[in-house]
Amino acid sequence: MPLQKTDAVILRSLDHSETSKILTFYTRSSGKMTVMAKGARSNRSRFGGTLEVLNHISTLIYEKEGRDIQFLSQAEIQHSFANIRADLKRTAVALALCELLNRLEVGQEANPLLFRLLLTALTGLDAGTGDEMNTFYAFELHISDLMGFRPTFQCCIDCGGSLSFPAPFELGSGGMRCRNCREDKTTSFILDSDTAHALRALQTVHMTRLGELDFKRTTRCRVGDFLHDFLRYNVEGLHDLKALTFLTQI
Ligand SMILES: [Zn+2]
């Protein structure tokens, strides 16, 4: 059985039998993977505390093609994001990122950009730059981009002309039309100018510079509502994220 060496972020952990764990990894070299860690729950486990959700680890995995669950051979911590874990709100946002990635049909193929996006988002949350929710919203926008449905906020999707706000954003077409090109009867979300500008900023500012963005509370709420509708329209079976529901309660 070939041993594969790769970096991974732990998205999910489930207890299995008396002693083992079944983990969902997002790996740098093979995308999303389900991995069994035998003996991980026993006190004398060789994995120690390495297998906590959120941890960035380097791993050795026995990988066999066509098998649903692979077997973990070794794991070593790269980053455990201690600052995220010390803060309830940051933890909830970080878990929401993992939950979102876990729900998406990203499959077992390498997507180094997606892996880097996840690590950059977690590193930013750990460093505590700016509002945590901006990290979540920027992550949702970048995910849309990587999955092939990048939304456009800056001009008419038909003629490239300028937009007048408020404008209906068509969830299926991924953009807005100017008054001349507009058609009725599409599923849309009405965007005001502040919200469209905030979305554009979140989409284009580098993840490490999100701390420079500051939006009004009402704008941030509209951004969240828009992305909620936009992602659920484009990704089948994506329901509400438990971690985000928790966040609204704290
Ligand atoms: Zn137009």
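Let's start at one residue: leaving aside residues up to four places away in sequence, F153 touches A196, L199 and R200. Keep in mind that you are looking at a predicted model. Is F153 buried or exposed? With 23 other C-beta atoms within 10 Å, F153 counts as buried, because the cut-off for that label is 20 or more.

Now step back to the whole protein chain. It contains seven helices and eight strands. Its radius of gyration is 20 Å, close to the 18 Å that the globule rule gives for 250 residues, so the chain is as compact as a globular protein of that length. The C-alpha trace spans about 65 × 40 × 25 Å along its principal axes. Of the 250 residues, 34% are buried. Among contacts with a separation of 6 or more, 58% are between residues 24 or more positions apart.

Next, look for the barrel. Five strands close into it in the order β1-β2-β3-β5-β4, with mixed pairing. From one strand to the next, the twist averages 50°. In general, strands of a sheet pair through backbone hydrogen bonds, either parallel or antiparallel. Here, β4 (residues 56-62) and β5 (residues 69-79) run antiparallel and are joined by seven bridges. You can pick out Y62, whose bridge partner in β5 is F71. Helix α2 (residues 88-103) packs on the sheet, where it touches β1 (3-16) and β2 (20-27). The direction of α2 makes about 100° with that of β1.

Key. Residues are numbered from 1 along each chain as its sequence is written. This is a predicted model: local features need pLDDT of at least 70, side-chain atom pairs count only at pLDDT 80 or more; totals for chains, interfaces and linings use all residues. Helices (H or I, at least four residues) and strands (E, at least two) are DSSP runs, numbered from the N terminus. The radius of gyration is taken over C-alpha atoms; the globule rule is 2.2 Å times the number of residues to the power 0.38. A residue is buried if 20 or more other C-beta atoms lie within 10 Å of its own, exposed if 12 or fewer, and partly exposed in between; C-beta atoms are placed from the backbone. Two residues are in contact if their C-beta atoms, placed from the backbone, lie within 7 Å. Two strands pair if DSSP finds at least two bridges between them. Axes are lines fitted to C-alpha atoms, for helices over the stretch in contact, and angles run from 0 to 180 degrees between N-to-C directions.
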